[in-house]
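Me: Could you take a close look at one part of this model for me, the place where the ligand sits? I'd also like to see how the surroundings are put together.

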Amino acid sequence: MDLHEYQAKERFRAAGIPVPPGEVATTPAEAEKLAAKYGGAVVVKAQVHSGGRGKAGGVKLAKSAAEAKQHAEKILGMDIKGLRVEKVLVTPAEDIATEAYVGVLIDRAKQAPTFIVSAAGGIDIETVARETPDKVRRLTVDPRYGLLPHQAYWLANFLYDEADLIKQATTIIAQLYDAFRESGASMAEINPLITTPDGQVKAIDAKMSIDDNELFRRAAVAAMRDTSSEPTAETRAREAGLSFVKLDGDVGCCVNGAGLAMATMDLVKYYGGNPANFLDIGGSSNPDKVVAALEIITSDPNVKAILFNIFGGITRCDDVANGIVTATRRIDIETPIVIRLTGTNEKKALEILKEAGFSAFTSMDEVVEEAVRLAGVAAGRVA
Ligand code: GDP
Ligand code: MN
């Protein structure tokens, strides 16, 4: 789960990191009011889950409250990488002397949090790391001990020459690690970490992703979820207890078990098709879940055929078949559906499906080929 900048900043502030004040506005008039409160010179910043807002025109400096209102008029409702801007953060403009980068993320290969810092901040860190790797310092933290003081110092020392700046940055880096850990984050980033002309170090941008598996024990963080900025299909899937990832193809897949779902997607590709999604309905044959899955799949206008691939172990195939029949009676679906069921009670299941008029299979190859063919026909690729 991604946090908005203003939310990540709240977490940072709570950990003691110096972050300028700021408040969120949803209308230009509100933005103007906030700007007036901060004395006029402010930055108006789009709150969307996307990098490169600055380049997209989503971060604008204003010299007066009236100008802040104009910027908010442009930014609110703007489309940044397919996301509509619903909120802007209004924050006093800072004088910037230097911009650095400080980030910490879980390194999957090392199975530990890893810091990345660079004095070349403000811009895209991936580019800096690729093109000028000597401008980046990395440090992997042993999670048993946490970030040790000398390690925080070693990182800060790479950013600045002046003792006082190094001292401030050392504290901030340690606080960033605390915020990262205490939030259950998989990534926390300050870009840029600025110095002001009078020698203060501050975080003026904040980014944080939370590991979804950490949310159950962090109610305050979980409450920060902004469903309005998530694709609705993903919200719906999460609420229905389904694992769902949208993809670009046109064969909608509905499978039980993550491994089988992956194998099904591979096979769709093998037969020349393209999966429209990954969807694991889990071990349940609850018709409500099947309805939710079908609603999610059919809400994607790209989907030209729907493929069910169910392996009945503990799950009984006849239960799933009944679930599919009930679900398709409850919602109107024009997209062709093909179903493969195998395992426990498969004979009974096939009877139920055939009686209801479905194409039912037991072979995975056959059903996938058929789904790919039907999608091809619907898309006009094959006759
Ligand atoms: P991002 O583009 O989404 O990463 O947004 P940032 O908050 O990092 O802002 C992008 C850039 O805008 C920064 O690197 C700064 O150069 C500039 N900027 C942002 N806030 C301020 C500010 O308060 N004062 C000044 N002078 N520049 C700012
Ligand atoms: Mn930034």
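Reply: **The ligand and its setting**

The C-alpha centres of domain 2 and domain 3 are separated by 43 Å. The model is a predicted one, in which local features need pLDDT of at least 70 and side-chain atom pairs count only at pLDDT 80 or more, whereas totals for chains, interfaces and linings use all residues. Residues are numbered from 1 along each chain as its sequence is written, chains are lettered from A and ligands numbered from 1 in the order in which they are written, and side-chain values use heavy atoms, leaving out hydrogens and water.

The protein chain is assigned domain 1 (21–92), domain 2 (98–222) and domain 3 (231–378), with bounds that come from an automatic or database domain assignment.

Now for the ligand. Around ligand 1 there are 15 residues, the closest being K45, R53, G54, E94 and E99; to count, a residue needs a heavy atom within 4 Å of the ligand. R53 brings a polar side-chain atom to 2.7 Å from an oxygen atom of ligand 1, and E99 places one of its polar side-chain atoms 2.6 Å from an oxygen atom of the ligand. With E94, a polar backbone atom lies 2.8 Å from a nitrogen atom of ligand 1. On its own the ligand has 560 Å² of accessible area, and the protein covers 78% of that (areas by the Shrake-Rupley method with a 1.4 Å probe).

Moving on to domain 2 (98–222), let's follow the local geometry. Q111 lies in the loop between strand 8 (98–107) and strand 9; helices (H or I, at least four residues) and strands (E, at least two) are DSSP runs numbered from the N terminus. Phi of Q111 is near 55°, a positive value in a residue other than glycine. For context, most residues other than glycine have a negative phi, and most peptide bonds are trans. The C-alpha atoms of A112 and D142 are 6.5 Å apart, although 30 residues separate them along the chain.

Helix 6 (residues 163–182) has 20 residues, so at 1.5 Å a residue it should span 28 Å, and the 29 Å between its end C-alpha atoms agrees; the expected span is 1.5 Å times one less than the number of residues. Its buried residues include L165, I166, A169, T170, I172 and I173. Just after helix 6, G184 takes a positive phi of about 65°.

Strand 11 (residues 185–195) holds P192, which is joined to N191 by a cis peptide bond with omega about 10°. In strand 13 (residues 207–210) you will find S209, buried at 13% relative accessibility. The side chain of S209 makes a polar contact of 2.8 Å with that of D2. Such a contact is a pair of N or O atoms within 3.5 Å; within protein, one must be able to donate a hydrogen and the other to accept it, and residues adjacent in sequence count only if both atoms are side-chain atoms.

Conventions
Buried < 20%, exposed > 50% of the residue type's maximum accessible area, 1.4 Å probe, protein only.
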